[in-house]
Amino acid sequence: MDRTLDIFAADPFFSGLKSSRAQPFFNVPELEMFSSLADELQQLEETKQEQNRLMNTLKQKLFTNLSSDNKEDPTSWQACLDVTGYRPDELKVSVNGRFVTVEGEHMTDTENHYKKMEFRRKFTLSDNVIVESLKTTLSPEGLMMLKADKRVITPSPQKTTNIPVKFTES
């Protein structure tokens, strides 16, 4: 049995050839190979889309868990921000009283347009945070960590004082 696919047999262009039968462009095994490659490419694309979806979910969870709230313990205060996409020279950390402000501004210039990304995040420090000890670090993954020491406040021992009650006649 001839397993070639005669896809040009009805084409008028090939009807004038010397052979009574036009030569096929692909035979069935070649078509099956291309079909198999197309299936593999489709699976790769679906895998890539799934990886992108999982990575975005992971980034969102990481960002939410790390930067939604600052964390305090008895000896330190810390906060973490996802500043992916910003260079260190595009970030600014400032302190005004008990407020820490983190700002970022990034601009890209393409042939057709400008793109500007910016953010501002403000934290309120508790009274026992030593503002002068505030330090920032930026990881290669784009996570900015802010950390400051706290004064350890030792509660004074509870002392009971009796207050005499004076009775006055009116």
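Trainee: What makes Tyr86 count as buried?

Mentor: This is a predicted model, and in it Tyr86 has a relative accessible area of 13%. Buried means under 20%, so Tyr86 is placed in that class.

Trainee: Why is Phe119 called partly exposed?

Mentor: Its relative accessible area is 24%.

Trainee: How do you know that the rings of Tyr86 and Phe119 form a pair, and why is the pair called edge-to-face?

Mentor: The ring centres are 5.2 Å apart, and rings pair if their centres lie within 6.5 Å. The planes stand at 75°, and an angle over 60 degrees counts as edge-to-face; therefore the pair of Tyr86 and Phe119 receives that name.

Trainee: What makes this pair a link between parts of the chain?

Mentor: Tyr86 lies in the loop between β2 and β3, whereas Phe119 lies in strand β5, so the pair ties together parts that are 33 residues apart in sequence.

Trainee: How many aromatic pairs does the structure hold?

Mentor: There are two aromatic pairs. Trp77 and Phe123 also form one, with 5.7 Å from centre to centre and 75° between the planes. The distance is within 6.5 Å and the angle over 60 degrees, so this pair is edge-to-face. Trp77 belongs to strand β2 and Phe123 to strand β5, so this pair joins parts that are 46 residues apart in sequence.

Trainee: Are Trp77 and Phe123 buried or exposed?

Mentor: Trp77 is buried, at 0% relative accessible area. Phe123 is buried too, at 4%. Both values are under 20%.

Trainee: What makes the charged end of Lys122 sit over the ring of Phe99?

Mentor: The charged end is 5.0 Å from the ring centre, and the distance limit is 6 Å. The label also requires a position within 35 degrees of the ring normal.

Trainee: Why is Ser133 counted as buried, and which backbone atom does its side chain reach?

Mentor: Ser133 lies in the loop between β5 and β6. Its relative accessibility is 14%, which is under 20%, so Ser133 counts as buried. The side chain of Ser133 reaches the backbone nitrogen of Asp149 at 2.8 Å, and a polar contact requires a distance within 3.5 Å. Leaving aside neighbours within four places in sequence, Ser133 is in contact with Lys147, Ala148 and Asp149.

Methods: Residues numbered from 1 in each chain as written. Predicted model: local features only at pLDDT ≥ 70, side-chain atom pairs only at ≥ 80, totals over all residues. Heavy atoms only, no water. Phe/Tyr/Trp six-rings, centres within 6.5 Å; stacked < 30°, edge-to-face > 60°. Helix = DSSP H or I, 4+ residues; strand = E, 2+ residues; numbered from the N terminus. Buried < 20%, exposed > 50% of the residue type's maximum accessible area, 1.4 Å probe, protein only. Polar contact = N/O pair within 3.5 Å; in protein donor to acceptor, adjacent residues only side chain to side chain. Contact = heavy atoms within 4.5 Å.
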